[in-house]
Amino acid sequence: MADSPELVTRRRRGRPRVSTWAPPIALLALIVGIAYVANALLGKRAFLLPRPDQVFAVYVSPKNGPAIFESLLHTTEVALVGLAIAIALGVLWAIAMNTAKWVERTTLPYAIILQSIPILAVVPLIGFWFGYDFVARVIVCVLIALFPMTSNTLFGLQSVDRSHKELFRLQGASRWTVLTKLELPTALPAIFAGARISAGLSVVGAIVGDFFFQRGTPGIGALISKFGARLQSPELFASILVASLFGVVVYLFFQWLGRRAVGKWYDFG
Amino acid sequence: MPTATATATATLLDFSDVQMTFPDGTVALSGIDLTVKRGEFVTVVGPSGCGKSTLLRIASGLETASHGSVELATDRIGYVFQDATLLPWRSVQSNVELLAELHGTPKADRLAKAKEAIDLVGLTGFEKHLPRALSGGMRMRTSLARSLTLDPEIFLFDEPFGALDEITRERLNDELLRLFAEKQFAGLFITHSVSEAVYLSTKVIVMSGRPGKIVDTFEVPFAMPRDPEIRFTGEFAGLVGKVSHALREGHH
């Protein structure tokens, strides 16, 4: 064959360059510096903004250090269980809507309502119904994290090319074959994008749950509200920082997972 | 799967007085009589929107004609879409295996068929590549290979090379002629390029637009297999001219 195959070189994600990571690190250093200066300037009211080293000391202190990491573990548990349920429910719901038009017509309005209700308004009711324990905290996560999963999956399933569908139709493929070999693979990037958003929201849900439902083994949210009430500012800052880092880690994990799963054929952002 | 195998010069596709009216009242096709026999390569040329693609969609069963009869004497149909319609998450190998997979062909058979088809279109060595790493021409070859695994008795082509550059298109035309000579399938090819139509076909059908009607039919006298140089002969140019005139008249 005379055709000289011209290959399109694939864009590769190389190592992050200095220009990528240096500026945010510099900004972080600046913020730490400003914290020291502000702490000094605040004088008697220095408790409003503890020195970074005071905050760091909390992590290694024998009393509060282990407590913070232990409650982070409880929060993680709630967030992950909630997320797993939200992903499963969201994907199944979207598949049902994509398979049967009447399911979409009947339930999609409620998905949108779910998205628009202020979740904090419903939280007391959840405690009222399900107790003020683990289950209630998980339900808060699911309520917050469900919508992005459903809407992303549905969008993904519905973005299948017409010609791809016809390709399968011409071979007489069954509904199940079309779902598993065409629609779900096409929807995967959208599903992972949804999971990344839902994961972050699930962490929010777990912490909100901690604020309201403090029976059993509440997580980092309970500690945050306790330290806040007692004006223990280094401990408060230490807990907030850990909770924030946890959210970032979860987001990055799902980003990585998405790239692992579909990055070969899709530019997963 | 039951397979109707037709005899040497049998009619594989027969349209008689076919009309297609869409729900919005648009008459896409009207009074279409058309046959494709084994060993024939029929090309339909016509202006954009004249319903030539609808013709193929009816032939393949994707649409049902609103009037007239359509008979297809085989269920081994190859359908080549306007774009390559490869699944982006599947490698060349796995894309080529897809149709056999959908028919539940055992793994070993699938592999053997895919290997043969990939070899036929000259993509050996690219089995592991994903579609995004291929040029437009190579994607179209992969698409062709995928249809070849069905061992079709009739091939339906819906402007398959329309999006390719001229050189790639000419190469793929030559490839297609070679495959046609080797595999002895029947072809129904849609294009808006008159020279492509004359070069590939044994018969060229000219359609007019809105509603799509057949305005003229030309037998192409050049023997198969065709020498690519034939495109530069006066005879070829003369026939291209005639078809172009018919196309232009049908357009008014």
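What pattern does chain A follow, read along the sequence? The answer is α-α-α-α-α-α-α-α-α-α. This is a predicted model, in which local features need pLDDT of at least 70, side-chain atom pairs count only at pLDDT 80 or more, and totals for chains, interfaces and linings use all residues. Residues are numbered from 1 along each chain as its sequence is written, while chains are lettered from A and ligands numbered from 1 in the order in which they are written.

**View 1. Chain A and its helices.** Chain A has ten helices and zero strands (DSSP runs, numbered from the N terminus: helices are H or I, at least four residues; strands are E, at least two). Its C-alpha atoms fill a box of roughly 80 × 55 × 30 Å along the principal axes.

**View 2. The sheet of chain B.** Here you can find three strands in an open, antiparallel sheet, ordered S2-S1-S4 (strands pair if DSSP finds at least two bridges between them). Strands S2 (27-37) and S4 (67-72) of chain B stand at the edges with a single partner strand each, so one side of each is left without a neighbour in the sheet.

**View 3. Where S1 meets S4 in chain B.** Five bridges join S1 (residues 11-21) of chain B to S4(B), and the two run antiparallel. Look for Leu13(B), which stands opposite Leu72(B) in S4(B).

**View 4. Around Leu188(B).** Not counting residues up to four places away in sequence, Leu188(B) touches Leu13(B), Val36(B), Val42(B), Leu56(B), Ala59(B), Ile154(B) and Leu156(B) (contact means C-beta atoms, placed from the backbone, within 7 Å).

Terms used:
Contact = placed C-beta atoms within 7 Å.
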